[in-house]
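Please keep the sequence and the structure in view while reading.

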Amino acid sequence: MSASAAAHRDLPRIYHKVGSLRAERRWALWTSYASLVVAAVIFLAPPFYMLITSLKTNAEMADLSGNPWLIREVTFEHYAAILGNELFLGFFWNSIKVTVLVVAITMAISVLAAFALSRMRFWGSQALATGVFLTYLVPDTLLFIPLYQIVGGLGLLNSTWGLLLVYPTLTVPFCTWIMIGYFASIPKELDEAALIDGATWTQMLLKIFVPVALPGIIAATIFAFTVSWAAFVYPTAFITTPDEMPLTIGVVSQLVRGDTFAWGQIMAGALLAALPPVVVYAFLMDYYIAGLTAGATKG
Amino acid sequence: MAQVSLRSLVKEYDGGVQAVKGIDLEIADHEFVVLVGPSGCGKTTTLRMIAGLEEITRGEIAIGGTVVNDIPPRDRDIAMVFQNYALYPHMTVFDNMAFGLLLRKFPREEIRRRVDEAARILDIASLLDRKPKALSGGQRQRVAMGRAIVRNPKVFLFDEPLSNLDAKLRVQMRTEIKKVHQTVKTTTVYVTHDQVEAMTLADRVVVMNHGVIEQVGPPQELYHRPATRFVAGFIGSPAMNFIPARLEAASGALNLHLPGGIVLPVPEERTGRYEAAKGREVLFGIRPEHLTERREGRATYAEIEITPEVIEPMGMETLVHFHLDGARDLCARLDPTVPAAPGAPIRLTADLANMHLLDPQSGRVL
């Protein structure tokens, strides 16, 4: 009797607990939405401002009387001007050329390096793996001075080909690090099975590791793409001729004449420059998220 | 011809830790040998050395008469089934099974024929187009076996292949593995920590402990004539009971004096064997099934009174756990119809024809 009475007394407390859990959950949900909205506003405000500025006429930009976040008269003249500008198209082509080649070089080096460092246990492999990551911690603002000497010594200053040499110093360490982590997550039995099945190291890499680690490879590709597309310090230091400039420095150096800023064109150019990474992300995100290792081993 | 020979095999890791301490083993052609032992006994290391996945520190391994110490795994003509299946996740079942043959440049039709044949043996013909993630644990294990079968290797190596399966499936797959071996008759080395698997599958069981072989023999021999205390305690479930005792002479015969004043007469046919241990402390070993409800009719039957602590009705039998002075965790196997209750003393019959006496120091069976 007394036991059941005690149980009854406990009941409301149990319900109360459930209620409070629900309230806690709702509170967590609201705070996360609120923080996400704040973050989205902070991150999206600049591109939005770029967009509306690029669609305004020069007169409207100069007129400070109205709300700067609104457009009175939409114009595409800046886009037309920039797309008709051969110099800008040259910047675009340089950026594409450098980025595609840098991504290819980076992935070739980092996939091979990561495979060796994570799977072929050799003397010093652990220290090397850590060393690779440590080089990533040296900022490019420090590296560009010695690199200037090297690139200059090779006679590659003022050439997009020089960039192919220096960009991988930014991308290879981090991509190798990502790939080491990804390869390490592939069960050891998988390569042992391949070894017993008769695979050589190269076959194992190409037929087992690369397909299984595709999400990791795509993550590394996205990183290499973003870094080399957006690189600013190195081209600023090494490139001075407009013909060889990539977009990042081309837009700011050629569209600013003394203290005259062609704001409309700068914004249109910057937005167009931001387009390829957005497209790449949109295409590769699904692969990136897909967990391909499911089912390899027990799970 | 694919006998496997291990000669003075040693595996030493950095820092001098010896995982395998010089084992010798001859595995005959077509034989199914199971390496069994607790974790860390060196069984998996031994298997991996046979596979070529682990370097051999000293000694040698020969497969089919050829020493393979310096031959890479792919040239040893072996196939291995891993505990966690190790299927290639991005390939279909067919491609998983065909991978080894493709690398060896077999013609397409031959690959197709072999995969179909293995799929038929393993009953996975309907799964050939699926990816591993769309398979259940048991199906994945079958595919892993199929990958081994299609290669038609000299030796199959199994590394605890059933450990990840649930109990029911494990029993089913055990039968399956035995059936496959009866069909393809490939020399097989199978590693497990499960003594039931070892007993049911093996032509010969190799019991390992601390990097050495304790005993090698057919399952029944290991069960009935264990050589050491470790083997006696490891093989059989529930484990053999060990009770400290003293062997005393009594008018031409031998008596075992157990704690609590229990005296058991050593059967006549054993007196000669134990003569040398007369007057010494020994360990009396008896399996739970030889410690049963009261019976009469044989000269080797002796009675012991015990007080059950825990009763475990198993359906076909009832396990009674009890202790004697100086010996804990003892177990008797009773007919389920025999009434037994915790705390109520009952009389049991020990069949001394099946007893073992062990030297408590060396652990050897006398």
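## Gln18 of chain B and its surroundings

Leaving aside residues up to four places away in sequence, Gln18(B) touches Val10(B), Glu12(B) and Gly211(B), where two residues are in contact if their C-beta atoms, placed from the backbone, lie within 7 Å. This is a predicted model, in which local features need pLDDT of at least 70 and side-chain atom pairs count only at pLDDT 80 or more, while totals for chains, interfaces and linings use all residues. Residues are numbered from 1 along each chain as its sequence is written, and chains are lettered from A and ligands numbered from 1 in the order in which they are written.

Gln18(B) belongs to strand β2 (residues 18-27) of chain B; helices (H or I, at least four residues) and strands (E, at least two) are DSSP runs, numbered from the N terminus. Although Gln18(B) and Gly211(B) are 193 residues apart along the chain, their C-alpha atoms are separated by 7.3 Å.

## Chain B as a whole

Chain B contains nine helices and 21 strands, and its C-alpha trace spans about 80 × 45 × 35 Å along its principal axes. Of its 366 residues, 41% count as buried. Among the contacts in chain B with a separation of 6 or more, 66% are between residues 24 or more positions apart.

Strand β18 (residues 318-324) and strand β19 (residues 327-334) of chain B pair in the antiparallel sense over six bridges, pairing being called if DSSP finds at least two bridges between two strands. Leu319(B) stands opposite Arg333(B) in β19(B), and in this hairpin, with two residues between the strands, Gly326(B) takes a positive phi near 85°.

In chain A, the contact between the domains takes seven residues from domain 1 and six residues from domain 2. On the domain 1 side, α1 (2-54) and α2 (58-62) of chain A each supply at least two residues, and α1(A) gives the most, with four residues.

## Core and chain contact

The largest nonpolar core has 165 residues, of which Val34(B), Leu157(B), Val189(B), Val206(B) and Phe284(B) touch the most other members; such a core is a set of buried Ala, Val, Leu, Ile, Met, Phe, Trp, Tyr and Cys residues joined through C-beta atoms within 7 Å. Helix α7 (residues 160-184) of chain A gives the most to this core, with 13 residues. Not counting residues up to four places away in sequence, the residues that Val189(B) touches include Val4(B), Ile27(B), Leu47(B) and Leu157(B).

The contact between the chains takes 21 residues from chain A and 24 residues from chain B. On the chain A side, α8 (188-197) and α9 (201-212) are the elements that give two or more residues, and α8(A) gives the most, with seven residues.

Conventions: Buried ≥ 20, exposed ≤ 12 C-beta atoms within 10 Å, placed from the backbone.
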